[in-house]
Amino acid sequence: MTDQPRRRRPHAPNRPGKPYRRPQKDPVRILAFEALRAVDERDAYANLVLPPLLRKARESAEAGSGPRFDSRDAALATELVYGTLRHQGTYDAVIAECVDRPLREVDPPVLDVLSLGAHQLLGTRIPTHAAVSASVELARVVLGDGRAKFVNAVLRKIATHDLDGWLERVAPPYDEDPEEHLGVRHSHPRWVVSALWDALGGGSAGMEELLAADNERPEVTLVARPGRSTPGELLDAVGEQTAVPGRWSPYAVRLTEGGEPGALEAVRDGRAGVQDEGSQLVALALANAPLEGDDRRWLDGCAGPGGKAALLAALAAERGASLLAAEKQPHRARLVAGALAGNPGPYQVIAADGTRPPWRPESFDRVLVDVPCTGLGALRRRPEARWRRRPEDLEGFAPLQRGLLREALAAARIGGVVGYATCSPHPAETRAVVEDVLKGRGGAAVSAEWIDARPLLPGVPELGDGPDIQLWPHRHGTDAMYLALLRRTG
């Protein structure tokens, strides 16, 4: 079978049987299907694939070369894509109960259509008949009539129960297998459930809230870069009905009803940007850490794509300090340069490997390394990452994380401050990395001491036992950012 619709001729008038009906092309569901195929086939991320697809659909509609596609259509397409990806594990378990073969033997395009249909049936308020009918029509367009019949049969089985009814059938009892129960109910791989459980410190407190938070649509958060814009300006531009101040960062504005940040003049000019509040807090904690002596040279050693670097550059400029932003990948270094363009203070962007730095040791007063990681702390924004990562990825990132932190400490002067940050709450990517470096595991020991980061984020509750901090989606409404602050002592 091919992935393209088969060419069929209508029945001749004098032939028995139903006349052929051309499948109806639904631009919203076709767009959602195309996005899911890109995620599956190219390992793309929905947050990168979806915006250009939406833009193309709107432009085609405005030019009269495509079907109508307004803001409601864009909102539905977005919900279908992200909702399907977030709940993929749950829907896979349901679909597996309704097909006569292992899921691995179902063609991926067919499974995408079934998953889209399952989300409409179990995760939205779309009426049952409309969800089934629209999904079957989509199957006729993108798969052909033969496989559309299979889709119709499976979705009708799914429609016999609501989500709670299916969970009773496909999720094992909590008492028998708590990790699998939570994994199926909240659509997380078993190993991720186990890892997050360890990160929370064991016990059931907060576990379901965390997994549920991973499946919620995150608000768009803006940052008003100090000295260049203000939260008041952003609130005025967006309107009080759709925007409120951030919870924790003095520079944050939350868009409560979505919207297009790119339509704001301050965002287009680079005076403001889109940045999770957890990332803002990491930059602020580093900038506010107590420091004796010079405070003129700052380094962001893993600067791509540039959000933290842009905030640090603005904060540095207010103090007369300069920022060097380094990023290993040239294309990401270009993104950093774009984010920093127009910053009033001195800065430089270079393409450089932080594990083999071109700068001299002890050159900087403040250093940040937001290291590459599994991304388990940002599953709200990149839901597909939970299905791509494997437990062995933790071991793969560890040498790089230790190397970047070791070189960051070497780059700081005696008495300088280093921030180690990562968008993962997994212990193997957070405190274990810091302790390994400080104790000389895998390399020479580095003389440094912990700085209690918690007082540097006044008003933010439940940061952990310290001295490092861990943010959480279900507690703080942010990505699960981790930060350790260290002072070099020798």
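Partly exposed means a relative accessible area between the buried class (under 20%) and the exposed class (over 50%), with a 1.4 Å probe and protein chains only. This is a predicted model, where local features need pLDDT of at least 70, side-chain atom pairs count only at pLDDT 80 or more, and totals for chains, interfaces and linings use all residues. Residues are numbered from 1 along each chain as its sequence is written, and side-chain values use heavy atoms, leaving out hydrogens and water.

**View 1. R217 and E79 form a salt bridge.** A salt bridge puts a side-chain nitrogen of Lys or Arg within 4 Å of a carboxyl oxygen of Asp or Glu. Here the N to O distance is 2.9 Å. R217 sits in the loop between α11 (207–214) and β1 (220–224), and E79 in helix α3 (residues 71–86), so the pair ties together parts 138 residues apart in sequence. Helices (H or I, at least four residues) and strands (E, at least two) are DSSP runs, numbered from the N terminus. R217 is exposed at 58%. E79 is partly exposed at 22%.

**View 2. R190 pairs with D177 in a salt bridge.** Their closest N and O atoms are 2.9 Å apart. R190 belongs to helix α10 (residues 190–200), while D177 lies in the loop between α8 (163–170) and α9 (178–186). R190 has 38% relative accessibility and is partly exposed. D177, at 21%, is also partly exposed.

**View 3. R254 meets E219 in a salt bridge.** R254 is in strand β3 (residues 252–255), and E219 is in the loop between α11 and β1, 35 residues apart. R254 is buried at 13%. E219 is partly exposed at 28%.

**View 4. Salt bridges link R37, D40, E41 and D112 in a network.** The structure holds 37 salt bridges.
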